[in-house]
Amino acid sequence: MTLSLQSLSRRYGAVLALSEVSFDIRPGEVQALMGENGAGKSTLIRLLAGLERPDTGQVLRNGKPIALGGPADAEAAGLRFIHQELHVVPALSVAENMHLHHPYPTRAGLVRWGKLRDTAKRALARLGLTHIDPDAPMARLSASDRMLVRIAATLITDGPSPWLYVMDEPTAALTGAEAERLFDVIGELTASGAGVLYVSHRMAEVLRLARTVTVLRDGRHVSTRAIGDTTESQIIADMTGRDLSADVPDRTVPIGTSPLLQVAGLTTATLGPVRFELRPGEILGVAGLAGSGRGALLRALIGASPRRDGTVTMGGTSLTRTTPPEAWSAGIAYVPRERRSEGLMMHRSIQENVALPHLGPLARARVFLNRKAEARMVAKRGAEVRLKSAAPSQSCDHLSGGNQQKVLFARALAGSPKVLLLDEPTRGVDVGAKHDIYRLIRSLGDTGMGVILASSDLPELLGLSDRILVLHDGQQAHLVDNTGLTEADLLTLCYTKEAAA
Amino acid sequence: MSALFRRFGSLIGMAAIVVFFALALPDTFMTARNWLNISQQISMLAVVAAVMTVVMVMGDFDLSVGSMASLAGVVAAVLFVQGWSVPAALAAAIGVGLIGGLFNGVLVSVIGILPFVATLATLTVYSGAAFLVSDGKTIFGRDIPATFSDFARSGMALGDIDGRPAIFPALSLVALAVTAIVWVVLEQTSYGRRLYAIGGNAEAARLAGVPVTVLRLSAFAFTGVGAAIAGLMYASRVASANPVQGDGLMLTAIAAVFLGMTLTENGQPRVLATLAGVVVLGVLDNGLTQMSVDSYVREVLVGAIILIAVSASALGRRGLFGR
Amino acid sequence: MSTKPYRTAIAASVLTLFASGALAETVAVITPYLAQPGTQFYVEAFEGRAAELGWDVNVIDTGGDVAAVISRIEDVVTQGVDAIVINVDPAQVGAGLQAAADAGVPVVGMDAGSDPLLVANVTSNGYAMAVETSVYVANRIGGAGNVVMFTFDPFPPVQVRGVIADAVFANYPDITVLDRITPDVSDGGIADSRAQMEAILAANPEAGSISAVWAAWDQPALGALQAIEAAGREGEGIVITGIDANPQARDAIAQGGNFEASVAQDFAGIGATAADTVARILAGEDIVASVIYVPTVLITSANVTE
């Protein structure tokens with residue numbers, strides 16, 4: 001039995017997320033799916049799960065096309081999806097959670113709790129998960145056990161048993177020992193004849209588990225190779241290969257000498273210790289795999305997560321108890337990663353969004369709103385960031401992703417900050433807006449502003465950064481000069497923990 | 001046309017209610033004297049609803065405003081009995097409102113209890129305190145100084161209407177003043193803008209340097225003071241105080257804010273829209289009473305009208321934004 | 001003799017008939033307490049009488065909200081009702097009464113208390129109730145003996161009862177008022193009355209030394225009864241009376257013990273009389289006596305079960 005993907009394409013607005021992708025998936029083995037952020041992995045999974053329809057192309061099973069019109073079709077075709085964020089009901093028992101997508105066994109309308117429990121127990125036992133009690137509330141289970149329960153639940157089925165599991169970053173939230181347990185279960189699944197499409201950024205896992213590796217880049221299929229015929233550096237080379245230098249103008253003004261921001265021993269609940277200095281005009285990139293603490297570092301600097309230890313010094317003044325209001329007034333500005341949940345008041349106007357951190361200085365007598373001054377600020381900064389909008393009174397929910405991001409840039413720049421913190425500034429924006437944002441970041445560096453740029457987009461980091469700080473599990477792994485660094489080098493740094501700084 | 005109706009449908013509906021009463025009660029409804037009456041009848045509700053708007057702007061609620069109004073009334077009355085001067089007793093009662101509001105604020109913003117749960121609990125606490133302070137009795141008669149109870153009957157002379165002298169009631173003036181203050185605070189100061197920001201996206205506001213905890217705390221204190229003022233207005237109007245007399249204000253005030261929200265763009269709570277909601281509720285009570293509609297039928301009608309307004313507004317928004 | 005005045009008179013009376021037929025009087029009854037049983041007796045009796053008179057009655061319940069009573073008085077004044085009936089303390093709704101007075105709309109109280117802004121208040125006669133029980137006591141003890149009185153002068157409606165009993169007992173040369181006690185009423189009056197009565201019983205140990213206990217309301221009478229029974233002196237024929245005929249007092253009277261009499265108010269009568277009073281006002285009569293009393297009923301074992 002083989003699943004063949006043929007010429008799958010999917011376009012979102014201006015972005016071609018998936019372009020003519022074809023490859024085969026075989027049962028009884030683990031096939032890794034790799035690629036950088038935005039390479040098209042998520043879109044591919046969404047197509048297989050029936051959550052979206054392809055614009056062109058089809059999926060064949062043993063040569064016959066299968067309909068993927070919705071999640072039910074995918075389920076009927078024997079496909080199962082294990083996501084990194086699991087939908088579980090914490091208050092219900094393990095056995096009940098395993099039956100969320102199946103009717104409870106009943107007799108005369110009454111639930112047969114004994115049978116429910118036995119079914120769950122048998123399914124768990126088939127994967128060797130005898131340590132999990134079917135009666136335990138889901139809330140008491142560890143993250144890995146919850147995922148294993150979800151996998152076991154797929155064995156409970158009325159139709160044909162599943163033969164292909166699609167796992168999206170399954171180990172992202174797991175510890176080493178927990179991941180080992182998952183690997184054992186994957187072994188059980190493949191031994192019983194099922195296939196696994198394993199999506200992961202973690203090279204070591206891929207090399208260990210997979211028999212073949214498929215790499216996507218910029219929505220296109222680059223390669224599918226047997227693991228024996230390839231190497232880590234070959235895979236990295238397949239994943240990278242994009243050249244962004246044309247998009248990013250070169251630095252024109254030299255970096256200052258006296259440090260602008262000094263960070264030493266910075267530690268929070270999930271981060272640290274981190275130590276670095278930022279000089280005027282410098283762009284410091286922050287790299288690392290998903291969950292490595294890129295965002296956590298910026299949140300610690302803006303004061304959004306409490307500092308446990310360490311010092312942060314701005315131009316010689318120590319910020320003792322950093323909170324967001326203090327950080328902003330000390331000259332630190334922040335563009336958060338999640339535009340909708342962390343950045344914008346979506347239903348408020350551009351003007352209100354831009355002016356928010358600067359209301360105090362703008363206000364008459366520091367109390368009364370000065371709408372004219374706000375409008376001038378929005379006009380000036382809006383032009384600087386090339387914001388395209390109908391009017392400052394326009395509500396942010398009607399703007400494109402790129403323009404929403406520019407509103408956040410205008411907000412950050414409106415106070416003429418000394419240090420700018422950017423978390424994934426080009427995430428989900430179109431190519432044109434991306435280009436504008438790169439030019440803006442470069443020009444800010446040239447004015448003497450210090451920029452800290454956290455990104456999962458390696459070409460972006462390599463194109464803009466003067467130095468790059470690499471994080472690994474919340475800890476500082478490397479701090480390197482961006483001279484002669486290739487994408488492959490950087491990716492290798494992200495994967496290696498050993499050479500800790 | 002239909003977009004226009006969606007945007008201003010509520011306003012048209014409210015105007016229709018007024019027009020209906022004007023036609024049904026041609027001689028008595030659209031008279032200066034009746035509107036002066038209405039302004040006085042809704043004055044306490046207007047104050048509570050205005051300060052309720054302050055917390056609802058942040059997406060919060062204060063369920064304790066009614067029992068706070070009762071508590072402030074009996075505190076003032078008990079202090080009158082103990083021989084305090086009127087200004088001193090009023091200041092003390094408003095101080096109780098401030099402390100109660102701050103307490104709500106601490107529970108909600110510092111400790112982090114859901115406003116619904118926190119203020120439901122303080123509703124009971126303040127109500128119990130009102131019974132304790134007053135011994136469960138109504139304080140009235142000679143215990144209430146004439147200067148206090150006369151306030152509710154005084155006002156600004158407007159000359160003669162229909163051959164009888166008319167006044168702009170003092171209670172209406174207080175309600176206007178409180179509404180004006182809330183309007184300035186919410187619409188014209190950075191403080192108010194930040195409250196709206198919290199309501200728009202609390203996490204985004206926090207990351208943009210808005211001191212969310214302090215602002216929520218202070219907004220609840222604001223609401224507590226407003227509730228206490230309304231309680232004193234009530235006590236003055238009835239020249240007496242008992243430990244439950246303000247309790248009904250809370251639900252009606254929330255209803256008024258919701259009615260007002262059907263008028264505004266994006267369904268934001270705004271104090272002038274809230275005032276419109278209060279006026280509609282007052283007009284319904286006034287007009288339906290004049291038409292001799294049974295008091296229980298009147299309650300059903302008022303509830304139904306709130307439901308119609310809010311449903312129509314929700315459907316309109318879905319039409320606008322739904323895809 | 002011209003026929004002209006004749007015709008005018010006929011026309012006038014036809015007009016009057018027509019007017020009264022087509023435009024029935026409208027009367028608003030406004031109360032914050034409709035849910036309370038006593039109020040329901042008043043209002044139902046009022047409505048019954050009003051139906052006979054052919055009025056439009058609008059009963060408005062504000063659900064305990066006294067400020068809303070003021071608002072609704074203002075509204076019905078604006079509406080132009082012919083009369084308003086309230087049963088709330090007039091001092092609390094003075095603003096509304098002033099609005100009615102300014103517009104010339106008469107307001108009648110149903111057991112509401114007296115106020116210059118009320119045309120009339122229909123209620124029970126406190127003086128008469130005290131007469132009923134004090135004369136009952138004097139007659140029962142044959143005009144001779146020692147009487148213990150429980151009174152409460154700080155509360156005016158009760159104070160008048162004490163004054164009447166003082167006068168009645170003083171009129172009998174052989175009746176001696178042994179003590180005139182003002183009990184502590186903070187707990188309702190029963191407990192302290194019982195304690196005070198026990199002290200008096202101890203000071204007058206011989207049988208027959210106390211002939212009667214007259215109480216200005218039921219609670220002290222019930223306290224005295226408890227004291228007498230606790231002292232084992234219920235057999236001495238001590239006569240006890242109260243006023244108000246509350247359920248506890250009715251029980252005691254029905255059991256046929258020392259507690260022999262109390263006085264009940266006629267709630268339905270108050271409602272009907274309020275309607276009659278409104279009718280008199282609407283007919284143009286000038287109500288000279290602004291307090292109108294409805295007769296009360298002496299409750300004894302003879303009629304307590306009715």
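Two residues are taken to be in contact if their C-beta atoms, placed from the backbone, lie within 7 Å. By this criterion, residues 24 or more positions apart account for 69% of the contacts in chain A with a separation of 6 or more. The model is predicted: local features need pLDDT of at least 70, side-chain atom pairs count only at pLDDT 80 or more, and totals for chains, interfaces and linings use all residues. Residues are numbered from 1 along each chain as its sequence is written, while chains are lettered from A and ligands numbered from 1 in the order in which they are written.

Chain A contains 18 helices and 22 strands. Helices (H or I, at least four residues) and strands (E, at least two) are DSSP runs, numbered from the N terminus. The radius of gyration of chain A is 25 Å, close to the 23 Å that the globule rule gives for 501 residues, so chain A is as compact as a globular protein of that length. This radius is taken over C-alpha atoms, and the globule rule is 2.2 Å times the number of residues to the power 0.38. Along the principal axes, the C-alpha atoms of chain A fill a box of roughly 75 × 55 × 45 Å. Of the 501 residues in chain A, 45% are buried. A residue is buried if 20 or more other C-beta atoms lie within 10 Å of its own, exposed if 12 or fewer, and partly exposed in between; the C-beta atoms are placed from the backbone.

Chain A is divided into domain 1 (3-239), domain 2 (258-331 + 417-501) and domain 3 (339-416). Domain bounds come from an automatic or database domain assignment. The centres of domain 1 and domain 2 of chain A, taken over C-alpha atoms, are separated by 34 Å.

Two packed helices are described by the angle between their axes and the distance between the axes. In chain A, the axes of α14 (residues 371-384) and α15 (residues 401-414) come within 9 Å and cross at roughly 115°. Axes are lines fitted to C-alpha atoms, for helices over the stretch in contact, and angles run from 0 to 180 degrees between N-to-C directions. On the α14(A) side, Met377(A), Val378(A), Arg381(A), Gly382(A) and Glu384(A) meet Ala410(A), Leu413(A) and Ala414(A) of α15(A). The residues of this contact divide into five nonpolar, one polar and two charged. Ala, Val, Leu, Ile, Met, Phe, Trp, Tyr, Cys and Pro count as nonpolar, Asp, Glu, Lys and Arg as charged, and the others, Gly among them, as polar.

Chain B touches chain A through 18 residues, which are in contact with 24 residues of chain A. On the chain B side, α9 (190-200) and α10 (202-207) each supply at least two residues. That side divides into seven nonpolar, seven polar and four charged residues. Elsewhere in chain B, Ala180(B) lies in helix α8 (residues 170-188). Ala180(B) counts as exposed because it has 12 C-beta neighbours inside 10 Å. The C-alpha atoms of Ala180(B) and Leu272(B) are separated by 8.9 Å, although the residues are 92 apart along the chain.

In chain C, the assignment gives domain 1 (4-118 + 267-294) and domain 2 (126-264). Their centres, taken over C-alpha atoms, are separated by 39 Å. Most residues other than glycine have a negative phi. Asp111(C) has a positive phi of about 50°. Asp111(C) is found in the loop between β4 (107-110) and β5 (120-124). With 18 C-beta neighbours inside 10 Å, Asp111(C) is partly exposed. Ala245(C) also has a positive phi of about 50°. Its place is the loop between β9 (239-241) and α9 (247-254) of chain C. Ala245(C) is buried, with 21 other C-beta atoms within 10 Å.
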